[in-house]
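These are my notes from going through the side chains of one model. I kept to rings, charges and packing.

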Amino acid sequence: MLAVIIGLVNNELLVSVARQLFYLSLSDFGWLYQLLAISTLGVTAFIFFSKAGNIRLGGANAKPTFSLAATFAMALTGGIATGVVTYSVNEPIIYLGNVYGEIANQSFEPNSGEAAIFALARSFHNWSFIPYAMYSIVGLMIGYMHFNRKERFSISSTLVPLLGSRERNPIVRSVVDVISILAIALGLASSLGAGLALISSGIEAEYGIASSPTTWLILTLVISAIFITSALSGLKRGIRFLSSVNAYIFYAFVAILLIIGPVNYILSLSVTSLGYWFDNFFLWSFDTKEAGGEALVTWWTMYDWSIWIAYAPLMGLFLARISYGRTLREFLVINWILPSVFGIVWFAIWGGSAIKWQMDGTLDLVSVVTENGAVSGLWGFLQNLPMSALLIPLAIFTLIISFSTAADSMSSTIATICTRNMTAEEEAPRKQKILWGLSIAIIAYVMVAFGGGAQGVDGIKFLAAAGGFIVLFLFLLIVASAVKVFIMDGANTPQERQARVKQAEDIYE
């Protein structure tokens, strides 16, 4: 709320202070973000391929609460919000055209064939296996510690392997919960703020209704009503219904683009881009702007990592709630492998189509983005499609449902950790859900209307990155805890390890 007050009184001060925090976290600590990101990927892959993957959340006889399709829909749509819809066109086009200097350090020219390959490959890197590993490792640790080790259903429980009984200190638990709530509130408000700007720009482009505080207020009220109502109806009804609707719309868009898009070009560019990504994977995974430059590494990859890390603790709680009865390998298939593959396919189809039409002169999305902002390319792209009069309203509806699904899962989860002695199976009090739902909506509206900067959301975007920086060190401890549990200890409880030691002693005697 402090950020809201500053934004109302002096939005230039808000943007200035937030920008300094942004640079401190993402520029000075870029090396830590990169090392932690690649380490998270490695630990996640180890668990998936090792015998630890056979462990079942809840014990050997536990049965899944939700079907695989329903669990995947909730995991996918509960985490990405408006991201893949917003950036599947805009991000590759921005890279292709070097709109903000993203490929200034590269050896090829903007709008060239190699720039097209690079644009899609870099999008694959930012939206697939590394970010979903960040969500998965936290959810996996929370689920394992709660369902199998019988610890509290909380983020702080993931630290038990490192801290032992010190984790039960109320101060430690409070600090962990406050950090997580602060980060997710900022991240979620940033997402809604960006979503409001994007949806209103689409309404303006298609229907001529100018973006204004009134438009944003109406959109905020509509989205808030949807996700608060859904949150109040509970996990097994509200979120499952919204996520299913959202997922089916995603699948429909994939089918539509495959029918009307340049399929041969999409397949050719995607295969080449995959090879380019694999060839540059380790350079991109360890680059701290020395090779790629600040515009590419700091403003895109590092910013993306900070937002994913900011969401990771509470997204982990949500993933754990819906994954009871799954083995750790099944958990990772649903929450790591499948969403990553979906991200690659989605960007290949949408981004590949946009790149083709930009390259052959059908559209000039680079100019659209340059003149109207980083998220405007989506609407220029959709207006070129057959049945655009139908697809644009569907895209607007998708964005509203996408954020509503994410806000539903996150507000419910925040309410859960703000309630004492709750288990994964219980629903948080309705008052808590309403309180957090309204708080997020108010912050988002005030920041998009008065936060300053391009499209009104620069201030909250910078603050969201700062929230990720706060969570960074907590996330580091969670990953270290996973290393201890699944690699060093082999997922054995202290009692099991003591029993093995005693057995060895008896044999020796």
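Is Phe 469 buried or exposed? I looked up its relative accessibility, which is 17%, so Phe 469 counts as buried. The cut-off that decides this is 20%, because buried means under that value. I note here that the model is predicted.

**Entry: the Phe 469 pair**

I then looked for a ring partner of Phe 469. The ring of Phe 473 has its centre 5.6 Å from that of Phe 469, and the planes are at 75°, so I logged the pair as edge-to-face. Both residues belong to helix α19 (residues 458-488), and they are four residues apart, about one turn of the helix. An α-helix has 3.6 residues a turn, so residues three or four places apart point the same way. Phe 473 has a relative accessible area of 39% and is partly exposed.

**Entry: aromatic pairs elsewhere**

I ran the search over the whole structure, and it returned 34 aromatic pairs. I wrote out one of them, Phe 118 with Trp 284: the ring centres are 5.6 Å apart and the planes stand at 80°, so this pair is edge-to-face. Which helices hold these two residues? Phe 118 is in helix α6 (residues 113-126) and Trp 284 is in helix α12 (residues 263-286), so the pair ties together parts that are 166 residues apart in sequence. I checked burial, and both Phe 118 and Trp 284 are buried.

Phe 118 and Trp 284 also belong to one aromatic cluster, whose members include Tyr 87, Trp 127, Tyr 276 and Phe 347. I found a charge on Trp 284 as well: the charged end of Arg 122 sits over the ring, 5.0 Å from its centre.

**Entry: Ser 273 in α12**

I stayed with helix α12, where Ser 273 has its place. Its relative accessible area is 0%, so I put Ser 273 down as buried. What does Ser 273 touch, not counting residues up to four places away in sequence? I found Ile 117, Leu 120, Ala 121 and Phe 124.

How many salt bridges does the structure hold? I found four. Side chains of opposite charge can pair when their charged atoms come close.

Lys 356, at 24% relative accessibility, is partly exposed, and so is Asp 360, at 41%.

A second bridge joins Asp 489 and Lys 484, with closest N and O atoms 3.0 Å apart. Here I noted a contrast in burial: Asp 489 is buried at 16%, whereas Lys 484 is partly exposed at 24%.

Glu 330 and Arg 56 make another bridge, and their closest N and O atoms are 3.9 Å apart. This pair links distant parts of the chain, 274 residues apart: Glu 330 is in helix α14 (residues 328-359) and Arg 56 is in the loop between α3 (30-49) and α4 (68-80). I have Glu 330 as partly exposed at 32% and Arg 56 as partly exposed at 24%.

**Entry: the nonpolar core**

I looked up the largest nonpolar core, which has 154 residues. Among the residues with the most contacts inside this core are Trp 346, Trp 350 and Phe 475. Helix α13 (residues 294-321) gives the most to the core, with 17 residues. For Trp 350 I listed contacts, leaving aside neighbours within four places in sequence; they include Val 89, Phe 253, Leu 378 and Phe 381.

Ser 243 lies in helix α11 (residues 235-260) and is buried at 0% relative accessibility. Not counting residues up to four places away in sequence, Ser 243 touches Ala 73, Met 74, Thr 77 and Thr 405.

Last, I looked at helix α7 (residues 129-148). Of its 20 residues, 18 are buried, so α7 is largely enclosed by the rest of the structure. Lys 150 follows α7 and has a positive phi, near 60°.

How values were computed:
Residues numbered from 1 in each chain as written. Predicted model: local features only at pLDDT ≥ 70, side-chain atom pairs only at ≥ 80, totals over all residues. Heavy atoms only, no water. Phe/Tyr/Trp six-rings, centres within 6.5 Å; stacked < 30°, edge-to-face > 60°. Buried < 20%, exposed > 50% of the residue type's maximum accessible area, 1.4 Å probe, protein only. Lys NZ or Arg CZ within 6 Å of the ring centre and 35° of its normal. Core = buried A, V, L, I, M, F, W, Y, C linked by side-chain atoms within 4.5 Å. Contact = heavy atoms within 4.5 Å. Salt bridge = Lys/Arg side-chain N within 4 Å of Asp/Glu carboxyl O.
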